[in-house]
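Q: Could you walk me through a few labels in this structure and what stands behind each one?

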Amino acid sequence: MSPTPPALSVRGLVKRFGRTTAVDGLDLELPPASVLALLGPNGAGKTTAVETCTGNLTADAGEVRVLGVDPTGAPDALRARIGVMPQGGGAYPGVRAGEMLRVVAACAAQPLDTRWLLEVLGLDTSARTPYKRLSGGQQQRLALACAVVGRPELVFLDEPTAGMDPQGRHLVWELIDALRRDGVAVLLTTHLMEEAEALADDVVIVDHGRVVANGSPAALTACGPQQELRFRARPGMDLDGLAAALPADYRTAEPRAGRYLVQGRIDPGVLSTITSWCADQGALADDVQVARRSLEDVFLELTGKELRS
C-alpha cells in the first residue's frame with residue numbers, strides 16, 4: 001500500500017522582490033489531517049511563502065505542490081479544494097457578515113451550513129452587521145468562516161487569531177482542532193508561541209527566508225537545556241562555586257540582581273546542591289520554580305530578541 005501523499009510539499013522555494021530575497025530555499029511538508037505552524041519574526045518570509053503556495057505569487061525557483069498540483073495561477077480546480085484566510089480579511093466594507101459568508105458558500109459544491117458556522121464562531125448575532133462595523137476579532141472569525149465553509153482539504157491561515165480576545169482565540173483553536181480530526185491539513189502562521197504549542201503537530205521556524213529549525217513542539221523544546229530552575233536569593237553570590245558543585249554541562253547565571261537561573265536536568269540531587277550552596281553563603285533560596293524551556297525560548301534563541309519592523 002503506497003503512503004498517503006502530503007497535502008503540501010515545498011522544495012527549495014525561492015521568491016525574490018527585486019534585490020530582496022524574501023524566501024530562500026524553503027522546504028515544507030504537511031501531511032493530511034495535521035497542523036503545521038510556520039513561525040518567524042516580522043519580515044521572515046512567512047506570508048510570502050503562504051501566498052506562493054496559494055498561487056497568488058509565482059516562485060522564482062523550487063517546487064511547490066498543493067494537493068499534488070502546481071498552484072501557479074491558482075487553477076480553479078485547486079482553488080475549490082483549499083481554503084485561504086489572508087491577513088486583513090479582504091472584505092468589502094459595506095457587506096453584511098451573513099451575506100459575505102453566503103456568497104462564498106454559494107461557490108462551493110457542498111458547503112457547510114452557514115447559519116451553523118456563524119453560530120459556532122459566535123457571529124450569529126452579528127450576521128446582519130456590515131463588515132466595517134465588526135470588531136477586529138469578529139472580522140478575523142468571519143474570514144476564518146469564509147476559509148472553511150467550502151469543506152476544503154487544505155487550509156492556509158495567516159495569523160488567524162490576531163486581534164482576538166482570549167475567548168475568541170480559544171474558540172478558533174477548537175475549530176482548527178476539529179478540522180484536523182476531520183482529515184483537513186492546516187498551515188498556519190502565528191506570532192503566538194502558545195498557539196503553536198497548543199495546535200501544531202509540527203513547527204517550522206524561519207528567519208530571513210530560511211528554515212532555522214523544524215520539528216514537533218516537544219522535540220524543539222527538548223533541545224538544549226532540558227529544564228530551568230529559577231530562584232531568588234541575596235544578590236551577588238559567588239556563582240563560580242555553584243558551577244563547580246554542579247555537573248559540567250549545567251549553566252548558571254544571575255540575569256537580574258538576586259534572580260538566579262540554573263539550566264540542566266533538575267532532579268532532587270541538583271536541588272539539594274543548590275540549597276546547600278545557598279546555605280553555605282548564609283542565604284535561603286526563595287520562590288523556587290522549575291520549568292522546561294518554552295517554544296518562545298527556542299524562538300528567541302534562534303531569531304534574536306531585537307524588535308523588527
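A: Glu159 sits in the loop between strand S6 (154-158) and helix H6 (166-181); helices (H or I, at least four residues) and strands (E, at least two) are DSSP runs, numbered from the N terminus. This is a predicted model, where local features need pLDDT of at least 70, side-chain atom pairs count only at pLDDT 80 or more, and totals for chains, interfaces and linings use all residues. Residues are numbered from 1 along each chain as its sequence is written, and side-chain values use heavy atoms, with hydrogens and water left out.

Q: Why is Glu159 called buried?
A: Buried means under 20% relative accessible area, exposed over 50%, and partly exposed in between (1.4 Å probe, protein chains only). Glu159 has 11%, so it is buried.

Q: What is phi of Glu159 near?
A: Phi of Glu159 is near 55 degrees, a positive value in a residue other than glycine. Most residues other than glycine have a negative phi.

Q: What makes Arg128 exposed?
A: Its relative accessibility is 64%, against a cut-off of over 50%, so Arg128 is exposed. Arg128 belongs to the loop between helix H4 (114-120) and helix H5 (136-148).
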